[in-house]
Amino acid sequence: MTIPTPLHETAGEHGQPVRIGLIGSGWIGAFHAETIALRIPGAVLAAVADPVPGAAERVAEKYGVGRAFLDAAELIADPEIDGVVIASPAFTHTDLVVRAAEAGKAVFVEKPMALTIEDADRAIAAASAAGVPLQVGFNRRFSTDFAAAGRVVQEGGIGTPQLLRSLTRDPGLANPGAVKPWTIFNETLIHDFDTLNWFNGTAKPVEVVALADALVAPELKDGGLLDTAMVTIRYDNGALAVAEANFSAVYGYDVRGEVFGDAGMVTAGDVRATSMRHYGAAGQSAETTRLNIDLFHQAYADELVSFAQAIRSGEVSGARGEDARWALAIALACRASVEQHAIVRLDDEGRVV
């Protein structure tokens, strides 16, 4: 088998490469494996773990990795592993974060870090007690346009934020019947909640109201599917924010953000794949992006470059555990709002009142 040549074939200025173990080799896990193996300077993919027989071995073999495990605990216990990337199903995240932190490993975990506030606190406490970095996979912070927008806001370029907006429109679901209840808040819009929180600086959400329905696949609503949602958030600095999501954007993968303030506005995000425009008899057209790993290809790599740096320095430059906790707080408030058909208030710790 031919193994692709990594960009970081030698550690170069980074000294000894950091050794990263990957837990979870499904769709996003396999993509992270490729990124770590080929695109992260000064890092190597050192081990892969997945409970599905043969899954870890397939990914490990593809990138010339010598260690593959069925049990994540074996990977975590490996003394040669410096940090772990957790890309397993969401319900496993907290326990794996805690195990890895207690073993002294730096941790990168895909969103959501947890599914309850109690579990989020448990993950944060474990990393804090062990003194290890805990970074969460909110990749929009590393997207060139979102990062530039964030800098404009931080530097006062739009004045005081008053209205914020973030949206995620997925071009479709291969199997909508397999989508778990509340996924639209816990795993889709949670990206938007982090983006809004990040754009709004130190402000904290205090009120949430959410509407959600199954408009794409209404026949699956009784099974818990929600495929369309609109959320309004009030922050303690007075700013109002809107987040929306839908799972049937036929024109492409559409992710955008906006902050309006008393001195201007900044926007980020573009469904178009390139700046190319085609002008013909039917009018103007442009190619669009269809997958999140294409739309945020560089951002996915940059967040893991950031994680490799955090392993060395101990300092997280991406989303921290506390950031993930506040995004989760909004997601849980959305669920309460939908169930109660009401505006939901959050206390100072992000718990539903």
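## Conventions and confidence

Axes are lines fitted to C-alpha atoms, for helices over the stretch in contact, and angles run from 0 to 180 degrees between N-to-C directions. Helices (H or I, at least four residues) and strands (E, at least two) are DSSP runs, numbered from the N terminus. Residues are numbered from 1 along each chain as its sequence is written, and side-chain values use heavy atoms, with hydrogens and water left out. This is a predicted model, in which local features need pLDDT of at least 70 and side-chain atom pairs count only at pLDDT 80 or more, while totals for chains, interfaces and linings use all residues.

The average pLDDT (the predictor's confidence in each residue, from 0 to 100) is 95 for the protein, and 96% of the residues score at least 70. Residues 1-12 have pLDDT below 50, although beyond near neighbours in sequence this stretch has 23 contacts in the model, a contact being heavy atoms within 4.5 Å. Where pLDDT is low, the predicted coordinates should not be read in detail.

An open sheet of 7 strands has the order 3-2-1-4-5-6-15 with mixed pairing, where two strands pair if DSSP finds at least two bridges between them. Strand 3 (67-69) and strand 15 (319-320) stand at the edges with a single partner strand each, so one side of each is left without a neighbour in the sheet. Strand 1 (residues 18-23) and strand 2 (residues 43-49) run parallel and are joined by 6 bridges, with Leu22 opposite Val48 in strand 2. Helix 2 (residues 55-62) lies across strand 2 and strand 3, at about 165° to strand 3.

Strand 8 (residues 205-213) and strand 9 (residues 228-235) are antiparallel over 8 bridges, and Asp213 has Thr228 in strand 9 as its bridge partner.

## Helix packing

Helix 5 (residues 117-130) and helix 10 pack at an angle of about 180°, with axes 10 Å apart; they are therefore roughly antiparallel, a term for angles over 145 degrees. Ile117, Ala120, Asp121 and Ile124 in helix 5 meet residues of helix 10 including Arg325 and Leu328.

Methods
Parallel < 35°, antiparallel > 145°, perpendicular 65-115°, else oblique.
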